[in-house]
Structures are given as C-alpha cells and as structure tokens.
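Hi everyone, thanks for coming.

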Amino acid sequence: MVNVSALSDPQPKLVARAVSVYYGGKQALFDIDLDIMSREVTAFIGPSGCGKSTFLRCFNRMNDLIDDCRSTGSMLLDGSDIAGPDVDVVQLRMRIGMVFQKPNPFPKSVYDNVAYGPRLHGMAPTRGDLDEIVETSLRRAGIWDEVKDRVDQPGTSLSGGQQQRLCIARAIAVRPDVLLMDEPCSALDPIATATIEELIDELKSEYTIIIVTHNMQQAARVSQKTAFLNLGRLIEFDETQKIFTNPSEPSTQDYITGRFG
Amino acid sequence: MPAEHTVKAFTEDLDKIERSLLEMGGLVEAQIARAVTAVAQRDSESAARIIEQDSEIDRYEQDVQEQVERLFALRQPVAQDLRMTISAIQIAGYLERAGDLAASMARRSIVLCETREVPGLYALPKLGDASHTMLKDALDAYRDRNIDQAKSIRHRDRELDDMYVALCRELLTHMLEDPHRITPGVHLLFVAKNLERIADHATNIAELVDYVTTGTRASEDRPRGRGFLMEGAPSPDDPT
Amino acid sequence: MSSYAATTISSQAAANRLLLRRKRAERRFQLYGILAISAALGFLVVFLASIVSRGYMGFVQTEVRLTVDFDQELIEAGSYRKMLRTSLSELFPNAGSSRAERRTLARLVSAGTVFVLRETVEADPAIIGTVEDVWVLASDPVDQFYKGRIDAALPEEERPISDASLARIAALEAAGRIDLRFNRSFFTRGDSRNPEEAGILAAIVGSALALLVTVVLSFPVGVMTAVYLEAFAPKNRITRLIEININNLAAVPSIVFGLLGLAVFLNVFGLPRSAPISGGLVLSLMTLPTIIISSRAAIRAVPPSFAEAAIGLGASRVQAIFHHVLPAAAPGTLTGAIIGMARALGETAPLLMMGMVAFVVEVPGGFTDPSTVLPAQVYLWADSPERGFAEKTAAATIVLLGFLLVMNGLAVYLRRKFEKQW
C-alpha cells in the first residue's frame with residue numbers, strides 16, 4: 001500500500017487523486033494518488049507501457065491531443081484544478097513545461113527556439129526584453145557559454161546533449177513552476193546524460209521536476225522521490241533512497257533488481 | 001531467493017558469493033572445533049595445522065571482497081542485492097576474525113602443552129561446542145534467510161555469556177588454589193574469551209540475516225551478560 | 001573426429017557454392033537493372049531526337065525581303081493588297097499580268113502579308129510616303145522548299161510548288177532577298193490556318209491563365225484539406241471514407257473530370273465555354289487529390305515532436321501547425337503542388353470537354369476569353385494536313401517539354417532550398 005498521508009507535506013505542488021486514464025475502452029491508469037513536492041525531483045520508473053509517460057502527460061494535459069483518451073479523477077496545481085474541462089491549457093502549459101524524450105529543437109535558430117514560447121505568450125514587449133529572456137534561459141540551462149556566439153545558427157546544428165539543454169532552455173523561457181521530463185536522456189551518450197543530470201540537480205532549486213526514466217540508476221541519481229508504476233497502477237512511492245535500498249513492495253524490488261518478468 | 005534475474009549471470013554471481021561465504025564459514029567452523037579439541041587434548045600438532053590453515057581463511061575473505069567489488073563495478077546491485085552484497089563483505093569480515101580467534105586459541109594450546117594441566121575443565125569443550133554451534137546456526141540462518149532462527153541465536157548469546165562467566169570463575173578458583181596454574185589459567189581465560197567473542201561474531205552474522213531479508217537493522221534488543229568480574233560496572237543494557 | 005572434419009569440409013564447399021550462386025544472382029539482378037535503365041534512356045533519346053530534329057525548324061521561318069513603296073494614296077485607300085502586288089511586280093517585272101499569274105506571284109509570300117504591311121504602317125505612321133525594305137513571311141510551300149522539305153526533282157504536279165515559283169526563289173536567293181530567320185511570330189501570334197503564320201502565344205497564355213486558376217484554387221484548398229485530415233479530423237468512418245475517396249480520385253481518368261466540369265461548371269453554373277476559368281476549375285479538381293496526397297505525406301513526414309514541443313510550450317494546435325509543421329512540410333508540399341501543376345499543364349482530355357481544344361487566333365486577355373492550352377494546340381496542329389504544321393507541332397512540343405522541365409526543376413530547387421535537417 002502506498003501511504004500518501006505519511007509523505008504529505010502541508011503544501012504539495014501537485015496533487016493527483018484517483019486519476020484514471022482510458023484509451024478508448026482500455027484503461028491505462030488505475031486510481032493513482034500521488035503528491036509531488038515543490039522543488040524536488042520526482043522520478044517515475046516502471047516497465048514500458050506501465051503508464052508512467054501517460055501519467056506524466058496528465059500534468060500538462062498533453063493527453064488531450066489524443067482523440068480517444070479521457071481521464072477521471074482530480075489533479076491540482078497549487079491547490080487549483082488542472083484536470084477540468086474549463087482549465088485554460090495554454091496557461092497550464094506555461095506553468096508546467098515539458099522536455100521530451102528525443103531532443104526536438106525547432107528547425108530554427110537557437111535564439112528563435114528559446115524565444116518561441118515568450119513570443120507566443122507576448123511575454124517580451126521589446127526586443128531587449130526578449131534578448132534578456134533568451135540569455136537568462138540559456139544560462140539557466142547551462143548552455144549559454146557554448147552557444148552565445150552562434151545563437152543565429154540552427155538549433156539542430158548542436159550536439160545531442162546541447163540540443164536537449166536547448167530544449168530545457170526553451171521550456172524554462174516561459175517561466176514555468178514545474179518541468180516535466182519524459183526520458184530526457186534516453187537519446188544521449190553518458191557524458192551528455194551526466195550534464196543533463198547535473199542540470200536537473202541545479203534546476204531543482206527553482207523548479208519542481210518530474211522525470212520519467214527507464215534508467216533506474218538515473219532515477220536514483222537525480223531524484224528525491226521515486227514512484228514505481230506497473231500495469232497502470234502506482235505500486236510504490238517513497239524516498240528514492242528507500243526505494244533503492246529497501247523497497248516495501250516485492251514487485252518494486254523485482255523491478256529495480258532486474259528480476260522482472 | 002525470489003525470482004531469477006533477467007540477466008542470469010547476475011544471479012550466478014550472487015550465488016557464487018554466497019557459496020564462497022558458506023565454504024568459508026564451514027572452514028572457520030572446523031577451525032574452531034579443532035582448536036577447542038587441541039586445547040582440551042593438548043594436541044600441539046593439530047594446533048600447528050590450524051595456524052597454517054588460517055591463511056586459507058584470509059584468502060577466502062579476500063576472494064569474497066574481490067567478488068563483491070566486481071559485482072558493484074559491473075552490475076550496480078540495488079535493494080535486496082545491494083544488501084546481500086554489503087552483508088557478504090561484513091560476514092566475511094566476521095568470519096575472518098572468528099578464524100583469527102581460532103588460530104589464536106591454537107597458538108595458546110601449543111603454550112598450554114608446555115604447562116601444568118588444569119584438571120576437570122569439562123566446561124571448556126562445552127563452551128567451545130556452544131560457540132561453534134552458534135556460528136554454524138548463524139550461517140544456516142543466513143543461508144536459509146531464516147529470521148526466526150536468527151532471532152533465537154541472538155538470545156542464545158546470553159546463555160553463552162553465562163557459561164563463559166562460569167568457566168572464568170572456575171579457572172580463577174584453580175589459579176587461587178595453585179599458583180602454578182596461573183600461567184595455564186590465564187591462557188585458558190583468553191581461550192574462553194576468544195570463544196565468547198566468536199559467539200559475538202555469530203550474533204552479528206545473525207543480525208545481518210534481518211538486514212538482508214527485510215532491510216531493517218536488528219534492534220539492539222540483544223540480551224547481554226555483564227561479563228566476567230564486571231558485576232560492579234553499569235549494565236551495557238542501561239542507557240547512560 | 002574425421003567424420004566431423006569431413007562434414008565441415010563438405011559443408012564448407014556447399015557454403016562456397018551457395019555464396020557463388022548468391023553473388024551471381026546479385027550481378028544478374030544489377031545487369032537487369034542496367035538494361036532496364038538503358039532501354040528507358042534509349043527511348044527517351046529517340047523521342048527527344050525525333051522531336052528536336054523535326055521541331056527545331058519550327059523556330060526558324062523563311063522570310064522574303066520586299067521593297068515596298070508605302071504610297072500615301074494607296075494607304076489612304078486601304079489598298080495594301082495593291083501595294084504588295086506592286087512591290088512583287090517590281091521584283092519580277094516579267095511575271096505576266098494575268099489574274100492567274102498574279103496569284104502565283106502573290107503565293108510566294110504568306111497570305112497574311114497584307115495585314116503585316118498594314119500593321120507596319122499602323123505601328124509607325126512616319127513610314128508613309130517612303131520606300132522601305134520589309135522582311136515578310138514566305139508562304140508555306142516556299143518555306144518548306146527553302147528548308148529542303150520539298151524535292152525539286154519531282155514532277156511539277158506532284159509537288160505543291162510550281163516551276164515558276166522555283167525559278168523565282170532562285171532569283172530571290174541570288175539577290176539575297178530570301179533567308180531563314182528566327183520565327184518571332186511563332187511566339188507572338190495565335191493560331192492560324194496558314195502554318196507559316198501560326199504561333200503558340202495564345203496557347204501559352206491560355207495555359208498560364210488556366211494554371212493560375214488551378215494553383216490559386218487547388219493549392220490552398222489542397223494543403224488545408226491535408227492539414228485538416230492529418231491534424232484535426234476525428235479518426236472515424238467518415239474520415240476514412242473521405243481519405244479512400246481522395247486516394248481513388250487521384251487515379252480517376254482525367255476525362256471524367258472533364259465530364260464533371262461540363263455538367264457542373266458549364267451547364268449548372270453557366271461558366272463560359274473554352275475559357276481559362278472553367279478549364280482551370282476542372283484542372284483544379286484533377287490536381288486536388290495529387291496535392292492533398294503529397295501534402296499529407298509531407299505533413300506526416302514532419303516529426304510529431306515539433307508540434308508536441310510547441311504545444312508543450314502552450315501553443316494551440318493551429319499555431320503549432322502553422323508555425324512549425326507546415327514550414328517543415330513546405331518542400332514536400334511545394335514539390336507535390338508543382339508536380340500536380342506540371343500534370344495539369346500537360347492535360348488535354350478534360351479540357352476537351354470544356355471546349356478548350358479550339359482554334360484560337362486571338363491571344364486571350366482574361367479568364368473568360370476563349371482560349372486553348374499548349375497540349376491542345378499540339379494536338380490540333382498534329383491533326384492538320386499542311387506540311388508546315390508538322391514542324392510547328394514538334395516545336396510546340398519542345399516548348400511544352402521546356403515548361404515541364406522548368407517546373408520540375410523548380411520543384412527540385414524548392415525542395416533543396418527548404419529542406420532542413422531535423
């Protein structure tokens with residue numbers, strides 16, 4: 001059993017209660033209860049198809065894009081509903097940014113990649129403001145020194161790790177509170193992965209981060225809390241250290257020690 | 001052991017560590033039994049063999065350490081596997097020290113052969129037997145991940161402490177009676193102390209059974225004797 | 001041991017045989033490929049050679065230099081015919097003055113020369129009262145003879161040109177008054193009954209107007225349809241039905257579109273016959289499936305991660321598509337559109353039903369003027385009995401091929417230019 005109350009801080013950043021997601025007639029997530037703490041890294045682990053990405057995409061309503069996908073249950077960001085039909089998803093996605101599995105910079109310049117979000121939301125009235133946002137975001141993503149001389153070059157000309165940091169810069173340019181990361185390092189080499197992990201560690205002082213990963217060592221390295229999902233159910237949610245030394249559930253144990261299936 | 005690892009070699013590696021550990025345990029048990037016999041029967045030849053054999057135990061410990069090191073480097077064990085490997089290093093350490101204690105008993109037995117015999121020491125083989133059995137049971141409990149057995153071992157430590165104190169009193173009486181018995185008596189006191197410490201190591205091993213299986217360290221509920229000539233000292237159980 | 005070794009050796013030999021066979025099969029397959037390509041290339045070369053060899057003469061035209069007295073009285077009386085006759089008589093004073101003889105003499109130059117003279121005067125009134133040398137088109141038989149298409153050794157009654165005319169051509173040549181010159185009128189005139197005067201400008205303009213209608217209608221409609229189907233349409237039965245029908249439409253014979261156009265655009269909506277507007281509409285219908293299919297393929301080829309990233313930043317679906325997906329799909333979309341246009345440019349069958357396969361002399365000035373298109377012009381000329389039209393046919397074909405080549409080149413260029421790595 002997952003003891004939610006034991007983990008509850010007075011003010012969790014994100015709250016999921018009884019969240020179920022259906023693809024057509026098929027249920028993908030079953031009654032998930034979970035609290036995400038502010039300024040912490042929460043990792044979702046679990047075998048492929050366990051629903052961890054689906055759950056992640058509930059937070060910024062990316063599942064809305066899928067035609068026959070519907071969800072029930074309640075989700076709160078800072079106490080206000082984000083799952084209801086009246087929620088303005090544009091506002092929501094400004095507050096909850098997302099970084100994807102494969103680095104996906106737009107086929108535009110580095111500058112335009114980062115400036116896209118602020119432009120879209122009219123966050124920068126002057127060119128100077130925009131320049132500042134772009135620089136700050138690139139700095140925060142730890143890539144400014146590498147790209148400051150070539151912000152006019154296409155984002156796709158960067159290396160894989162730089163591209164992913166560019167995508168992180170692009171996501172934080174709209175000043176979100178929460179960053180969702182869907183296997184952000186799965187397409188990167190170990191060095192690039194390490195830089196991203198270091199970045200995640202730095203970013204957690206300002207952002208609440210949820211990361212989905214297949215790499216359990218990565219979850220162990222970057223996260224403070226870990227949730228293990230299997231077959232659409234939340235099996236265990238606890239301190240990362242606890243999960244990786246002494247998980248409560250046998251199936252968590254089997255999964256993280258490589259005894260699955 | 002629960003289900004097999006998807007990577008079979010991982011399971012094999014873990015099994016091999018455990019096997020080495022149990023072999024090492026078997027060797028240490030034999031060393032202890034032989035040392036007790038050597039002391040009781042004043043057999044210096046056997047004692048010499050025991051001392052020789054101690055290096056074998058050291059090799060085992062090194063082997064277990066290397067295996068664990070390799071497993072950490074190559075397979076990054078977590079959870080249960082992590083606990084098993086960490087406890088393997090600890091157990092190997094306890095066993096090595098138990099082996100050292102056996103060798104030390106053997107060394108004293110050689111000296112004892114040169115001295116006057118202390119008569120009627122039926123309590124020494126009994127203590128030796130108890131100590132040896134405790135280590136054996138601890139290793140069995142570890143092998144079988146038997147928490148109940150491990151718990152009972154921790155309680156047996158108290159009995160053994162009592163036996164140890166009784167033996168010490170007996171030796172003290174012999175030494176008071178005859179000053180010529182002081183030298184062998186002191187050696188025998190050390191032998192008894194060694195056996196008592198072997199039992200402590202067995203208890204430590206039994207405590208690890210809990211850690212390996214449940215991930216929780218055994219609480220400090222182990223009943224302790226006050227030890228020989230320690231009646232005036234504060235009890236180790238008392239919080240001070 | 002030995003039996004094991006033996007099996008190894010024998011299986012080794014078998015493996016070698018297999019390997020050899022495989023290599024041979026591979027070489028054979030390559031050979032077939034090379035043969036097929038050479039055959040295709042061979043046909044292409046033969047086709048191009050025959051068209052060019054017949055067509056290049058269509059770009060030049062035999063012209064005769066006349067010395068014309070632009071007499072004010074004659075011009076005021078409008079007697080350009082007499083002016084021409086006088087000028088010819090001066091060249092050949094002993095040609096005789098009977099009506100038949102005068103007609104033979106006049107047949108040296110194109111029947112339209114009279115109009116050319118009038119146009120010359122109208123274009124430059126200062127010429128009135130002077131005597132000027134004017135290059136005028138030779139008549140078709142003279143042109144054909146001068147280009148060597150008529151064998152002078154044939155008996156007179158078997159060739160379209162008389163002995164007297166041959167003698168005059170010789171005389172003109174001696175005087176340097178006859179020459180092959182670049183056929184400007186081919187590109188500046190509409191169709192004509194006289195091969196020497198026939199031009200393709202009307203057809204080019206007709207084609208351009210029809211294509212303009214086609215591109216304006218089918219490109220936005222096609223691209224938007226593709227966007228809707230790819231990104232917005234609910235995945236249900238109706239959508240699938242529409243998709244299947246679009247795919248099938250691409251394979252419908254073009255004449256069917258012509259019938260549809262005839263029934264709907266002409267009969268129901270009463271659009272003008274033979275006009276670029278109605279022809280363009282039919283061509284749009286025909287091009288739409290091609291554009292939709294290629295645009296959908298191009299849109300689908302854009303990694304969904306672009307749209308996801310934009311949506312993740314708070315863009316709406318429409319914004320994501322217009323900011324990121326369509327620009328990334330542009331090369332494919334444009335290529336598809338240009339290929340569709342090129343196909344429309346080469347299409348005759350549906351236009352047949354729209355009355356655009358027509359004899360059009362006047363260059364159309366608008367979307368509702370009667371007009372024809374390039375391939376229809378080729379078809380019409382190919383049907384004409386005069387020898388002069390044969391080379392016009394080939395020349396028009398070269399022009400048509402040139403346009404197609406340019407359009408395909410443009411498609412390749414655009415694809416290269418907009419193609420980006422992602």
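Predicted model: local features only at pLDDT ≥ 70, side-chain atom pairs only at ≥ 80, totals over all residues.

Let's start with strand β9 (residues 225-230) of chain A: six of its six residues are buried, so this strand is largely enclosed by the rest of the structure. By buried I mean that 20 or more other C-beta atoms lie within 10 Å of the residue's own; exposed is 12 or fewer, partly exposed is in between, and the C-beta atoms are placed from the backbone. Strands here are DSSP runs of E with at least two residues, helices are runs of H or I with at least four, and both are numbered from the N terminus.

Residues are numbered from 1 along each chain as its sequence is written, and chains are lettered from A and ligands numbered from 1 in the order in which they are written.

Now its partners. Two strands count as paired if DSSP finds at least two bridges between them. Strand β3 (residues 41-45) of chain A runs parallel to β9(A), with four bridges, and A:T42 stands opposite A:K225 there. With strand β10 (residues 233-239) of chain A, β9(A) pairs in the antiparallel sense over six bridges. Two of the bridge pairs are A:A227 with A:F237 and A:T226 with A:D238. β9(A) and β10(A) make a hairpin with two residues between them, and A:L231 in the turn has a positive phi of about 50°.

Zooming out, these strands belong to an open sheet of six, in the order β6-β7-β8-β3-β9-β10 of chain A, with mixed pairing. At the edges are β6 and β10 of chain A, each pairing on one side only. From one strand to the next, the twist averages 20°, with axes taken as lines fitted to C-alpha atoms (for helices, over the stretch in contact) and angles running from 0 to 180 degrees between N-to-C directions.

Elsewhere in chain A, strand β1 (residues 14-23) pairs antiparallel with strand β4 (residues 69-77) over eight bridges, and A:V15 stands opposite A:L76. β1(A) also pairs antiparallel with strand β2 (residues 26-36) of chain A, over seven bridges; one bridge joins A:L14 to A:I36. Their hairpin has two residues between the strands, and A:G24 takes a positive phi near 60°.

On to how the chains meet. Contact means that the C-beta atoms of two residues, placed from the backbone, lie within 7 Å. Which of the two pairs of chains that touch has the most contacts? That's chains A and C, where 21 residues of chain A meet 18 of chain C. On the chain A side, α3 (89-95), β6 (96-99) and α4 (110-120) each supply at least two residues. By class, that side has eleven nonpolar, six polar and four charged residues. The classes are simple: Ala, Val, Leu, Ile, Met, Phe, Trp, Tyr, Cys and Pro are nonpolar, Asp, Glu, Lys and Arg are charged, and the others, Gly among them, are polar.

Chain B puts 14 residues in contact with 14 of chain A. Helix α3 (residues 79-114) of chain B gives the most to its side, with four residues. Chains B and C do not touch, and their nearest C-alpha atoms are 32 Å apart.

Last topic: the cores. A nonpolar core is a set of buried Ala, Val, Leu, Ile, Met, Phe, Trp, Tyr and Cys residues joined through C-beta atoms within 7 Å. The largest has 147 residues, and A:I210 and C:L374 have the most contacts inside it. Leaving aside neighbours within four places in sequence, C:L374 is in contact with residues including C:I200, C:L345 and C:L400. Apart from that core lies another of 60 residues, among them B:Y94, B:L95, B:A106 and B:M134.
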